[in-house]
Amino acid sequence: MTMAGNLRRVTGLTGVGGLRRVARLARRRPRVDLSHPARSPLGSSVVNCVTYQDGVRAPHGGDLVDTVRRVRKNGHGFVWLGLHEPTNDEFAGIAELFDLHPLAVEDAVEAHQRPKVERYGETLFAVFKTVCYVEHEELTATSEVVDTGEIMVFVGQDFVITVRHGRHGSLGPLREELESDTTQLGKGPSAVLHAIADHVVDDYLNVIDAVQMDIDQVETDVFAANGARVDPGRIYQLKRELLELKRAVVPLGRPLLDLADRPVRVVDPEIQAYFRDVSDHLLRATEQIAAFDELLNSILQAHLAQVTVAQNEDMRKITAWAAVIAVPTMVCGVYGMNFDDMPELHWRFGYPLVIGVITVACWVLYRGFRRNGWL
């Protein structure tokens, strides 16, 4: 029996009924990444399962349980098992085989966890938030900018289990990159944990660079000639998406520092220095997000100030025209009264004189307002 076939036995997916369950699960999982060539042919939650010895990928074949026992008996090598959005039933057999803590298993299956690193006996459980920049032609008040997912990692002395949630964050390319560096991979499961952390943080920096372009575009539009007409919903939407990115990045700071500074049995001491480098990159990402947040606040305040100035200019124009119109309104109102003994009422040149006075008064007011910038 192949290792993939044994995995299906462990997760309880053998037989015709199991195949039907897998088919239903596959239909319910349209967002599963099938790009990796080692994807399970049945389309279950198992993405890949590989054994490594001295940093070299061992040939496929053999019973998974026997493979794990052989790895533990030899005292070197480890198993890397990758899954995508497993159900409780699918994960139950794997949790029993590797003696995973129930609380960690629950977090891995349910997802929506805060980035963290926890220790359960001899097993290290890490949660990483993955991010992906959503391409869009134009930023609107409803544009999605950042899409998030999760990667849970179980690390033991002789195994690594990765559980991925979301439409992105495939670890296939990362696995191939690691396999090309046998020296690093030979340091054990902690090398895989470091590679995943480094990969996730690099994605943070890439997304931050893409978000900066959106912020620059909004800033340019706000300070343009017609900046007061920019939809403020674009700024609010960008702030909301930046907040989602912040929730993924900031909480990971303390766990990475713990991995870099505190001795952990399953983490090779040589790998801890690499975690310090990842922590430095994460600090840079955190600082950039904080700077973006402040910049968006400034842009929003500037936009509101521009709107206020534009409204004041409109009110000044309205007031100026109202003052100009008030002159003929007042004169016509006075001479519209029906009194018999009004001055110049029956004078031949009374009407032309009144029209001339109105015209001159309106022109004087108009020139005065124009000179002061009100019109």
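**A first walk through the chain**

A: Of the 375 residues in the chain, 46% count as buried, where buried means under 20% relative accessible area, exposed means over 50% and partly exposed lies in between, with a 1.4 Å probe and protein chains only. This is a predicted model, in which local features need pLDDT of at least 70 and side-chain atom pairs count only at pLDDT 80 or more, while totals for chains, interfaces and linings use all residues. Residues are numbered from 1 along each chain as its sequence is written, and side-chain values use heavy atoms, with hydrogens and water left out.

Q: OK, and how many helices and strands are there in the chain?
A: The chain has twelve helices and seven strands; these are DSSP runs numbered from the N terminus, with helices being H or I of at least four residues and strands being E of at least two.

Q: How much of the contacts comes from residues 24 or more positions apart?
A: Among contacts in the chain with a separation of 6 or more, such residues account for 69%, a contact being heavy atoms within 4.5 Å.

Q: Let's do the sheet. In what order do the strands come?
A: Seven strands form an open sheet with mixed pairing, in the order β2-β1-β3-β7-β6-β5-β4; two strands pair if DSSP finds at least two bridges between them. As β2 (56-57) and β4 stand at the edges, each has a single partner strand, so one side of each is left without a neighbour in the sheet.

Q: And which helix packs on the sheet?
A: Helix α4 (residues 88-98) does, touching β3 (78-84), β6 and β7 (159-165), and its direction makes about 155° with that of β7. Here axes are lines fitted to C-alpha atoms, for helices over the stretch in contact, and angles run from 0 to 180 degrees between N-to-C directions.

Q: Back to β4, how many bridges join it to β5?
A: Five bridges join β4 (residues 116-120) to β5 (residues 123-133), and the two strands run antiparallel. E118 has F125 in β5 as its bridge partner. The two strands form a hairpin with two residues between them, and G121 in the turn has a positive phi of about 65°.

Q: What does β5 do with β6?
A: Ten bridges join β5 to β6 (residues 146-155), again as an antiparallel pair, and K129 stands opposite E150 in β6.

Q: Where else is phi positive, say at E85?
A: E85 has a positive phi of about 45° although it is not a glycine, and it lies in the loop between β3 and α4. Most residues other than glycine have a negative phi. A111, in the loop between α5 and β4, has a positive phi near 65° and is likewise not a glycine.

Q: Is A111 buried or exposed?
A: A111 is buried, as its relative accessible area is 8%, and E85 also counts as buried, at 18% relative accessibility.

Q: Switching to helix pairs, at what angle do α4 and α5 pack?
A: They pack at about 145°, with their axes 11 Å apart, α5 being residues 102-110. N88, F91 and A95 in α4 meet V105, V109 and E110 in α5.

Q: And how do α8 and α9 cross?
A: The axes of α8 and α9 (residues 232-249) come within 11 Å and cross at roughly 160°. That makes α8 roughly antiparallel to α9, since angles over 145 degrees count as roughly antiparallel, under 35 as roughly parallel, 65 to 115 as roughly perpendicular and the rest as oblique. The residues in contact include Y204, V207 and I208 of α8 and R234, I235 and L238 of α9.

Q: What does H194 touch?
A: H194, which lies in α8 (residues 189-222), touches Q184, I271, Y274, F275 and V278, not counting residues up to four places away in sequence. H194 is buried, with a relative accessible area of 10%.

Q: Last one, where is T286?
A: T286 is in helix α11 (residues 269-335) and counts as partly exposed, at 23% relative accessibility. Leaving out residues up to four places away in sequence, T286 touches V249 and V250; the C-alpha atoms of T286 and V249 are separated by 6.6 Å, although the two are 37 residues apart along the chain.
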